[in-house]
Amino acid sequence: MPSVIAILAAVAIAGGFGTLIGILVSGRRQRVVTETVGVLTPYEAAAGGSVVARGRDLIPRGYLGWLERRRVLAGHPTGWEIDRILIAKPLIGAAGGLLAGLWISVDPVPLRFALSFLLVIVCFFTPDLLLLSRGQERQELIQNALADTLDQMTIAVEAGLGFEAAMAKAATNGKGPLAEEFIRTLQDMSIGRSRKDAYQLLADRTSSADLRRFTRSVIQADTYGIAIANVLNVQAGEMRLRRRQRAEEQAMKVPVKVIFPLVFCILPVLFIVLLTPAVISIAKAFS
């Protein structure tokens with residue numbers, strides 16, 4: 001009897017996992033051969049495409065574009081190629097389904113079936129969540145470092161350096177994702193891209209509203225011949241103001257965030273500690 005239950009549980013988990021894959025696949029798509037997604041390497045193209053590359057035909061274009069966008073925001077982390085993500089997702093989901101099947105076989109109740117299905121879904125989307133979290137952390141570092149970097153660039157420009165030289169100086173002396181993005185922008189210009197295109201690509205590689213605003217200001221200053229030192233002064237002041245406002249906003253959110261653990265975790269324990277002796281004394285008095 002337990003073996004039959006275990007088989008039924010495994011079949012249920014496999015069915016749920018297959019349904020999830022079917023939702024993601026949603027029909028056969030044409031091959032995505034774009035510069036952003038990069039479906040085939042030259043070796044795969046010569047060999048007619050690898051199994052993984054041909055498997056991309058089954059993945060919706062929107063999902064591939066979303067994955068590539070997350071990779072760009074995360075800074076193209078090593079080991080997070082799209083092919084590896086597409087391979088890892090079903091493997092992790094299958095491992096979660098196996099664990100869920102073993103857990104269900106111990107006590108096959110409806111609650112365990114529901115929790116097991118949620119476990120399979122979470123395991124399947126774990127690579128997406130990790131990539132999304134990494135991208136958000138990187139963009140937050142860019143947002144926080146922008147004001148100080150603009151101050152350094154302003155000092156360098158006022159000392160007589162050109163804008164690109166000031167950017168190279170700040171990128172060389174700095175660390176973190178913002179310095180990496182500035183270095184890549186300078187590399188784009190060194191290989192022949194126009195200043196406007198290089199700054200536009202810099203804005204496209206980030207989700208930071210402040211950095212996008214800065215790149216638009218630089219492009220407009222370059223187009224209309226505005227002094228770049230004035231632009232840097234204004235932008236640096238605005239970035240510092242916005243950073244202070246974000247800090248104040250986060251500080252004002254703290255009381256709201258504390259309410260849940262205070263009401264459901266701290267206050268019940270406090271009431272138990274304070275009221276238990278009184279309740280025991282009252283019970284003894286009326287017994």
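**Reading helices, patches and salt bridges**

Modeller: Start with phenylalanine 264, which sits in helix α12 (residues 228-286). The model is predicted: local features need pLDDT of at least 70, side-chain atom pairs count only at pLDDT 80 or more, and totals for chains, interfaces and linings use all residues. Residues are numbered from 1 along each chain as its sequence is written, and side-chain values use heavy atoms, with hydrogens and water left out.

Colleague: How many helices and strands does the protein have?

Modeller: Helices (H or I, at least four residues) and strands (E, at least two) are DSSP runs, numbered from the N terminus. Here there are twelve helices and zero strands. Along the sequence the pattern reads α-α-α-α-α-α-α-α-α-α-α-α.

Colleague: Is phenylalanine 264 buried or exposed?

Modeller: Buried means under 20% relative accessible area, exposed means over 50%, and partly exposed is in between (1.4 Å probe, protein chains only). Phenylalanine 264 has a relative accessible area of 56%, so this residue is exposed.

Colleague: Which residues make the nonpolar surface patch?

Modeller: Patches take residues with over 30% relative accessible area and no salt bridge; like charges are joined within 9 Å, nonpolar side chains (Val, Leu, Ile, Met, Phe, Trp, Tyr) within 5 Å. Areas come from the Shrake-Rupley method with a 1.4 Å probe; for residues, only the protein chains shown count as cover. This patch covers about 730 Å². Its members are Val254, Val258, Ile259, Phe260, Leu262, Val263, Phe264 and Ile266.

Colleague: At what angle do α4 and α7 pack?

Modeller: Two packed helices are described by the angle between their axes and the distance between the axes. Axes are lines fitted to C-alpha atoms, for helices over the stretch in contact, and angles run from 0 to 180 degrees between N-to-C directions. Helix α4 (residues 61-73) meets helix α7 (residues 126-158) at about 40°, with the axes 8 Å apart. Angles under 35 degrees count as roughly parallel, over 145 as roughly antiparallel, 65 to 115 as roughly perpendicular and the rest as oblique. α4 and α7 are therefore oblique to each other.

Colleague: In what kind of crossing does α4 pass α7?

Modeller: A crossing is left-handed if the near helix is turned anticlockwise from the far one by less than a right angle, and right-handed if clockwise. α4 passes α7 in a left-handed crossing.

Colleague: How many salt bridges does a search of the whole structure find?

Modeller: Side chains of opposite charge can pair when their charged atoms come close. A salt bridge is a side-chain nitrogen of Lys or Arg within 4 Å of a carboxyl oxygen of Asp or Glu. The search finds 16. In one of them, glutamate 180 pairs with arginine 138, the closest N and O atoms being 3.7 Å apart. Glutamate 180 lies in helix α9 (residues 177-190) and arginine 138 in helix α7, so the pair ties together parts 42 residues apart in sequence. Arginine 138 is buried, at 10% relative accessible area.

Colleague: Where do arginine 213 and aspartate 210 lie?

Modeller: They are three residues apart in helix α11, so about one helical turn separates them. Arginine 213 counts as partly exposed at 25% relative accessibility. Aspartate 210 counts as buried at 3%.
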